[in-house]
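Colleague: I have a structure open and would like to learn how to read it. Could we walk through a few features together?

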Amino acid sequence: MAKLELQRPRQCADYNLAVCVLASGSKGNAIYISDGLTAILIDAGLSATEIKRRLKSRGLNPKDLNAILVSHEHSDHVQAVGVLSRQLKLPVYLSRNIEKKVSMGSVHEIRTFNSGSTFQIENLAVHPFAVSHDAVDPVGFTIGQNGSRIGVATDLGTVTPHLKENLRHCHLLILEANHDQEMLINGPYPWYLKRRIQSHSGHLSNGQSKRLLMELQHKGLEHVIMAHLSQTNNTPQKVLAEVSEALTRCKPRLKVASQYRCGEIIYLKNGIKP
Ligand SMILES: [Zn+2]
Ligand SMILES: [Zn+2]
């Protein structure tokens with residue numbers, strides 16, 4: 001018998017949404033979100049074995065997953081999409097424009113969406129929205145359930161009015177803070193890569209994330225998780241120091257997601273309104 005009894009997080013009487021960042025960064029991304037009845041992964045960019053191991057490390061049963069959502073076709077977001085879909089018989093939700101671009105082999109089921117159009121997965125309201133990044137049709141997501149709202153946006157080249165509009169009024173934000181501008185400029189990357197990262201379709205700097213958060217902060221914002229940090233051109237300390245300066249009008253719990261360690265499960269409770 002397994003040492004750890006795997007179960008869904010506490011049943012939905014006392015929370016609307018549970019969130020766990022399994023991994024974040026250029027070596028692999030995956031985020032678990034559940035309302036206690038329906039559980040989804042946003043991206044599956046580690047090996048299937050590692051994703052299942054990290055879920056189990058938090059007491060979550062991979063067999064309770066109901067779907068995988070894909071933000072864009074880069075390998076750090078899709079590595080295990082095919083394997084997990086086949087093993088666990090999961091539908092894969094992705095933009096209809098990248099159906100042929102994601103290398104995942106035959107999957108259990110494909111369900112396509114259009115960015116900008118909200119759809120339901122049971123009680124979860126999923127809203128994919130377009131972001132600026134060097135992929136075919138990259139999206140961020142908001143996930144809503146019973147008045148609670150989560151925003152997920154990593155792999156962002158630039159902050160647009162469209163991005164800000166979509167991330168307003170979230171209770172939990174998972175946002176990119178990819179690089180410290182000076183570390184990137186003075187760092188070891190070749191020039192073409194530095195240019196790509198800083199371009200409008202690359203990744204957000206700590207300074208850009210800070211300015212974005214200054215505009216998004218509101219009293220209902222309870223948690224902010226900074227994500228997709230560069231291993232070479234950033235440190236969690238730099239992110240926390242810079243971004244915390246932005247949060248002058250509210251005091252959410254601020255965390256940095258790790259590439260190598262599974263984050264804790266965060267619960268959004270009932271009755272909290274923006
Ligand atoms: Zn990525
Ligand atoms: Zn990407």
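Predicted model: local features only at pLDDT ≥ 70, side-chain atom pairs only at ≥ 80, totals over all residues.

Colleague: Let me begin with one residue: does His169 count as buried, exposed or partly exposed?

Modeller: A residue is buried if 20 or more other C-beta atoms lie within 10 Å of its own, and exposed if 12 or fewer do. His169 has 15 C-beta neighbours inside 10 Å, so it counts as partly exposed. You will find His169 in the loop between α4 (161–167) and β11. Its phi is positive, about 65 degrees, although it is not a glycine.

Colleague: Where is Asp43, then, and what is its phi near?

Modeller: Asp43 sits in the loop between β3 (39–42) and α1. Phi of Asp43 is near 70 degrees, again a positive value in a residue other than glycine. With 29 C-beta neighbours inside 10 Å, Asp43 counts as buried.

Colleague: And Thr248: buried or exposed?

Modeller: Thr248 has 9 other C-beta atoms within 10 Å, so it is exposed. Look for Thr248 in the loop between α8 and β13. Its C-alpha atom is separated by 9.6 Å from that of His218, and these two residues are 30 apart along the chain.

Colleague: Now helices. Which residues of α1 are buried?

Modeller: In α1, which spans residues 48–57, the buried ones are Ile51, Lys52, Arg54 and Leu55. They are on the same side of α1 because they cover an arc of only 160 degrees around the axis. Among the elements covering these buried residues are β1 (17–23), β2 (30–34) and α3 (81–88). After α1 comes Gly59, with a positive phi near 80 degrees.

Colleague: How should I read a sheet?

Modeller: Start from the general idea: strands of a sheet pair through backbone hydrogen bonds, either parallel or antiparallel. Here, an open sheet of seven strands runs in the order β7-β8-β9-β10-β11-β12-β13, with mixed pairing. Its edge strands are β7 (119–121) and β13 (253–256), each pairing on one side only. From one strand to the next, the twist averages 20 degrees.

Colleague: In which sense do β11 and β12 pair?

Modeller: β11 (residues 172–176) and β12 (residues 223–227) pair in the parallel sense, over five bridges. As one bridge to look up, Glu176 has Ala227 in β12 as its partner.

Colleague: Which helices lie across these strands?

Modeller: Helix α7 (residues 206–216) lies across β11 and β12, at about 160 degrees to β11. Helix α8 (residues 236–244) lies across β12 and β13, running at about 150 degrees to β13.

Definitions and conventions:
Residues numbered from 1 in each chain as written. Chains lettered and ligands numbered in written order. Pairing = 2+ DSSP bridges. Helix = DSSP H or I, 4+ residues; strand = E, 2+ residues; numbered from the N terminus. Axes fitted to C-alpha atoms, helices over the stretch in contact; angles between N-to-C directions. Contact = placed C-beta atoms within 7 Å. Arc of directions from axis to C-beta.
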